[in-house]
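I opened this model to look up the ligand site first.

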Amino acid sequence: MAAQWPVGLDALAYGGDYNPEQWPKTVWREDVRLMREAGVTMVSIGIFTWSLLEPEPGQYDFGWLDHLLDLVHDSGIRVALGTPTVVPPAWFYQRNPEALPVTREGVRLAFGSRGAICHSSAAYQQAIVSIAEQLGRRYGRHPAVALWHVHNEYGVPVSACYCDATAAAFRRWLADRYTTLKELNEAWGTTFWGQTYNSWTQVQPPRLTPTACNPAQQLDWARFTSDELLENFIRERDVLHALSPGIPVTTNFQAALSQCESLDYWAWAREVDVVTNDHYLVAETDRNHINLAMSADITRSLANGRPWLLLEHSTGAVNWQPRNIAKRPGEMGRNSLAHVGRGSDGAMFFQWRASRIGAEKFHSAMLPHAGTESRIWREVVRLGRAIGALAPVRGSRVVADIAMLWDWQSWWAQRLEWRPSVDLDARERADAWYAAAYDRHLTVDFAHPDAELSGYPLVVVPALYTMSESVAANLRRYVEKGGVLVVSCFSGIVDERDVVHPGPYPGALRDVLGLTVDEFTPLLEGERVRLDNGTTADIWAEVITLEGAERIWSYTNGPAAGHPAVTRHTTGRGTAWYVSTCLGQDGLVTVLRQAAADAMLPGRDLPRDIEVVERAGIEGRYLFVINHSDEETTVPVTGPATELLTGENVTAHIQVPAGEVRVVARTIWSER
Ligand code: GAL
């Protein structure tokens, strides 16, 4: 069995993507020297090098990589070795033009960028196995190799391909799922708009249609796409497992990409040996450290609570946003240590040395264009020391307070056209509820809706439009046994085939919530409604009939005026809250405060933007306090304890200057 952590890396990981193929060999020695100065422990190599490794079909040039691996290894730095299958060479496409992906509009994309892949192309599938075999044979037992980094960010920038080969693969996937055409017709509701199929060959990807395309067909297509890409990861992984025994295999996720992108990472996480993630701030958004925390919490949850690894983030500005705002002094360190606080056993970057050529030349790096006489470099060296000092946290696990349900498949379904309101977005609601939990200083685990939830005193369902009977039963069981459930609007509406549950909304949750929804009454664009507790909400309202639940707050105006807006139902040994509208931040925080009281979960009364998260290990507990604010703060701790970054002895309080991070070891925070 492969290890679950880079082999031979007995420290936290620190380093980044290292692309020395862009530089003459004379630079490589300097790179390695500076890496040591910065405290780098691991680098990712080879991710974009297929055309260098195999310059002509079947002819390989490994000399440069042999040399590089030896150089890095001699410096005591571990290597995450990439398979370059995100960038097949030009000769490959010349021979196999059909391996370029086709868009939904029927346009075949061109070579000249990266990630132009039809994952159902037989030629591509053969080629990735063959290059993975070559690398596995040559480097499978190389002492530098600690981890295999397969491909790069599957699904980005393109996931689905609408070509004929993919159509055939889709039909095979559907035949597997439904066995007969009759079942497919039933599942897709093809009697509607006369879409009945009487031959498999008639079944197509959801290509561009004159108006709304069959939603069940689109949802299955999204599931198929995620599975089809995963098959290609598994192809490479299995080759590497066979040729590189014991070395773990990963691929870098983008777990919190904001558009609920195309992979169901719950399924993917089961297939990797170590969960790894990339995260980039959306620099222009206010308080973007909340999205960072959310990304880290999702990734840790994908890893089932085990340590995971941040493979990429940035030291400063990226280059692909409209305005690439530079990180402020200290921000990089806070970002990195927030990931570590939330379970990453390391912090890595894209990339080591800033490129001078190519599309990413204005992207920040550990070693910027300004060189070592720069603020970024000084902060990189300082961070390397901090990461070194945090070695004791390795292997410890984050202590979470509550769970939030998270389901990519439901979000794909909700995103389809012709829903009751274009403004009601699953991801927006998940972000809003997460921000409320962040402001209550509650640490969140994310959970698949089918997961065992009994370990959590409080579970939030921020948006779960699709809900199978088994998920509904899971939530019912959770509440009956004493859990506190908070459900947000437009959840439990359809089953996994996008079929409305029978009876009034929310079909799957009526009994547990103790109410029915007579009607959805979406709001006008920009309209706000007022609730009788003084808070406001927008986008959505519902006309509710109570069937056992109590009314907590009501709408005072708008289409549902006079009706309950927020309800609470005591059932079994637990409680189920329902929030029928898109509450603003104040309202969400208030609901969470009250639901947390039901769950007997004491909140933490800390100032805004003081991030507090704890990891617990065999040898101690580690309290990370990250001060994102402009003022010094004092946080109570139980001592005696030691602060790991300054060495300071701590008794009852830790003072954290504005913008700084402190990690208090062997203590339990006093107010929990
Ligand atoms: C990532 C990608 C890297 C680099 C980086 C720039 O998504 O994996 O290769 O392009 O973005 O921010």
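I began with Glu 312: an N or O atom of its side chain is 2.9 Å from a ligand oxygen. I use polar contact for a pair of N or O atoms within 3.5 Å; within protein, one must be able to donate a hydrogen and the other to accept it, and residues adjacent in sequence count only if both atoms are side-chain atoms. The protein buries 95% of the 310 Å² that the ligand exposes when taken alone. Those areas come from the Shrake-Rupley method with a 1.4 Å probe; for residues, only the protein chains shown count as cover. Glu 153 also has a side-chain N or O atom 2.5 Å from a ligand oxygen. For Asn 152 the corresponding distance is 2.8 Å.

**Ground rules.** This is a predicted model, so I noted that local features need pLDDT of at least 70 and side-chain atom pairs count only at pLDDT 80 or more, while totals for chains, interfaces and linings use all residues. Residues are numbered from 1 along each chain as its sequence is written, and side-chain values use heavy atoms, with hydrogens and water left out.

Asn 152 sits in the loop between S4 and H6. Helices (H or I, at least four residues) and strands (E, at least two) are DSSP runs, numbered from the N terminus. Asn 152 is buried at a relative accessible area of 4%. My cut-offs are under 20% for buried, over 50% for exposed, and partly exposed in between (1.4 Å probe, protein chains only). The side chain of Asn 152 makes a 2.8 Å polar contact with that of Asn 252. His 151 lies in that loop too, between strand S4 (145-150) and helix H6 (164-178). It is buried, at 2% relative accessibility. Its side chain has a polar contact of 3.1 Å with that of Thr 85.

**Salt bridges.** How many salt bridges does the structure hold? I found 33. The criterion is a side-chain nitrogen of Lys or Arg within 4 Å of a carboxyl oxygen of Asp or Glu. Glu 30 pairs with Arg 353, the closest N and O atoms being 2.7 Å apart. Glu 30 is in helix H1 (residues 25-38) and Arg 353 in the loop between strand S9 (344-349) and helix H12 (375-389), so this pair ties together parts 323 residues apart in sequence. Glu 30 is partly exposed at 34%, whereas Arg 353 is buried at 14%.

Arg 287 and Asp 609 meet at 2.8 Å, N to O. They are 322 residues apart. Both are buried. Arg 300 and Asp 445 also form a salt bridge, at 2.8 Å. Arg 300 is in helix H10 and Asp 445 in strand S12 (residues 444-447), 145 residues apart.

**Strands.** S7 and S8 run parallel, joined by 3 bridges. I call two strands paired if DSSP finds at least two bridges between them. Thr 276 stands opposite Leu 309 in S8. In S8 (residues 308-312), 5 of 5 residues are buried.

I also checked an open antiparallel sheet of 3 strands, in the order S16-S17-S22. S16 (528-530) and S22 (582-583) are at the edges with a single partner each, so one side of each has no neighbour in the sheet. S16 and S17 (residues 536-538) share 3 bridges. Arg 528 has Asp 538 as its bridge partner in S17.

Most residues other than glycine have a negative phi, and most peptide bonds are trans. His 151 has a positive phi of about 60 degrees. Trp 193 also has a positive phi of about 60 degrees. Trp 193 is partly exposed, at 47%. A cis peptide bond joins Phe 350 and Gln 351, with omega about -5 degrees. Another cis bond runs from Gly 639 to Pro 640, with omega near 0 degrees.
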